[in-house]
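The following exercises are to be worked with the sequence and the predicted model at hand. Each task is followed by a solution in steps.

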Amino acid sequence: MKTILIIDDEPAARYGLRRALEAKYRIAEADSAEAARAALNTEQPDLVLLDVVLPGEDGLTLLRWIRAQGSAVPVLMVSALDTAKTAVEALQLGAADYLVKGFELEELRQRVANLLKLAMLEKENDSLRRRMATEGQFGQMIGRTAEMRRAFEMADRVAPADSTVLILGESGTGKDLMAQEIHARSPRAGKAYVAVNCAALPETLIESELFGYERGAFTGAAQQKKGKFELASGGTLFLDEIGDMNPVTQAKVLRALENRTIERLGGTQPILVDVRVISATHRNLGAEIRAGKFREDLFYRLRVVTIELPPLRAHKADIPVLAEAFLQTHTARLRAGAGTGGAQSGTASPLALKRVTREAMTALERYDWPGNVRELKNALERSLVLSRGDEIGLEDLPQEVRDGEAVPHRNSDAAGENGFSEKDFREAKRKFEVAYLMKQLADHRWNVSRTAATIGLHRQSLQEKLRELGIRRPGRGPVEEE
């Protein structure tokens, strides 16, 4: 039997509510906010009927406290005050519904039944999402290997909290998709989700984009503009590729995170912002800190919770399930395009769902995918469009996938990460060592002993080098702990 906690200082009101509901529910009562706090812990109600006007601490203040404790119990506010302002404030604070006294008893029973049903559905959805994360799905992301399930489970646990999250992973691993899903599973889901790619904005623009500016702050500032922090207030701000942010802006972001306030460029008044910050980077921030390119204090502020997404080459067992999912998505989109005039007359359109031949799948699993899941998705779309038969064969795959060798990109992130684009010899050497050791460890399934034997080092020497370079297995602790 569901338990309903009635919080009202008037005995007659409590009696009436009890008589209306006790036939179907177990009823608990409290006549003040203080008594209600104790009852919430002892009774563990499934729903709360809360009067707005209470002696001492009012109902809205108590509601604010309930939500601050992280409780998601549905609260039906009951009040003699028929004012839109009070109702709106109650709903903004997290009330599930608002009822003005003088209501019909049947209306009360119906509202209570609806809220309890909705709460049950939400619990079932939460349970389903947790099971899907355990089984290898997190929103649009799919991965059934232990490395991916570990990342999904951690993201699912941190989503309901308001903690700052740092997502680490190479370009194309799905950091943006994970950030979106964390927001979607958080209490801020109904509020704004604002994403900023720090690497795509010039240094001269990133501050004005993040913090906004006042009219006349600089040449061309014809009117006031709100920045991303203000636009995301109440919701989530995703700072993608934060490792590429310049030091001056890093200092201002740190101050915003610490004080929860910002100042627009050209402004003098602090502006209060309520945002949850999720950041992501493909860079090794430990190395960036040692090189003096990233603030250590900002790093610790950002990484309250750190989630590492492994490169696709480290979980190749997921390639078949990813390929199937991508082919279904591409086929559905191409069918929709053809249905709305997307396919030109006389042009063949791959509307049938095609499977990948065993020979082609072997090539997909053999290739190292330097562009990670994004590269796999794009390669499969190309293959689907160009294939002529009922299957996607080896001949339909891109040349580099057939040959098992990645095509070098002159301006790719991989070139920079390997150190070839560095002018400083020491930094180039460090980046090469990181790239080399990461590949060797991935090839040997992160077995330190086998990797050390293969590359001609003692195990202890390799562990020391890994500590020095800050190399960790994606989704795990330091390598030497394994």
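**Exercise 1.** Determine whether R67 counts as buried, partly exposed or exposed.

*Solution.* Step 1: locate the residue; R67 belongs to helix α3, which spans residues 59-68. Step 2: take its relative accessibility, which is 23%. Step 3: apply the cut-offs, under 20% for buried and over 50% for exposed. R67 therefore counts as partly exposed, because its value of 23% lies in between.

**Exercise 2.** Identify the surroundings of R67, leaving aside its neighbours within four places in sequence.

*Solution.* Step 1: list the contacts; R67 touches A72, V73, P74, V75, L93 and G94. Step 2: examine the side chain of R67, where a polar atom lies 2.8 Å from the backbone oxygen of S71. Step 3: compare sequence and space for A95, which is 28 residues from R67 along the chain, with 9.3 Å between the two C-alpha atoms.

**Exercise 3.** Describe the sheet and the helices that lie across its strands β1, β2 and β3.

*Solution.* Step 1: read the strand order, β2-β1-β3-β4-β5, in an open sheet of five strands with parallel pairing. Step 2: find the edges; β2 (26-30) and β5 (97-100) each pair on one side only. Step 4: place the helices. Helix α1 (residues 11-21) lies across β1, β2 and β3 at about 170° to β2. Helix α2 (residues 33-43) lies across β1, β2 and β3 and runs at about 175° to β1.

Conventions. Residues are numbered from 1 along each chain as its sequence is written. This is a predicted model: local features need pLDDT of at least 70, side-chain atom pairs count only at pLDDT 80 or more; totals for chains, interfaces and linings use all residues. Side-chain values use heavy atoms; hydrogens and water are left out. Two strands pair if DSSP finds at least two bridges between them. Helices (H or I, at least four residues) and strands (E, at least two) are DSSP runs, numbered from the N terminus. Contact means heavy atoms within 4.5 Å. Axes are lines fitted to C-alpha atoms, for helices over the stretch in contact, and angles run from 0 to 180 degrees between N-to-C directions. Buried means under 20% relative accessible area, exposed over 50%, partly exposed in between (1.4 Å probe, protein chains only). A polar contact is a pair of N or O atoms within 3.5 Å; within protein, one must be able to donate a hydrogen and the other to accept it, and residues adjacent in sequence count only if both atoms are side-chain atoms.
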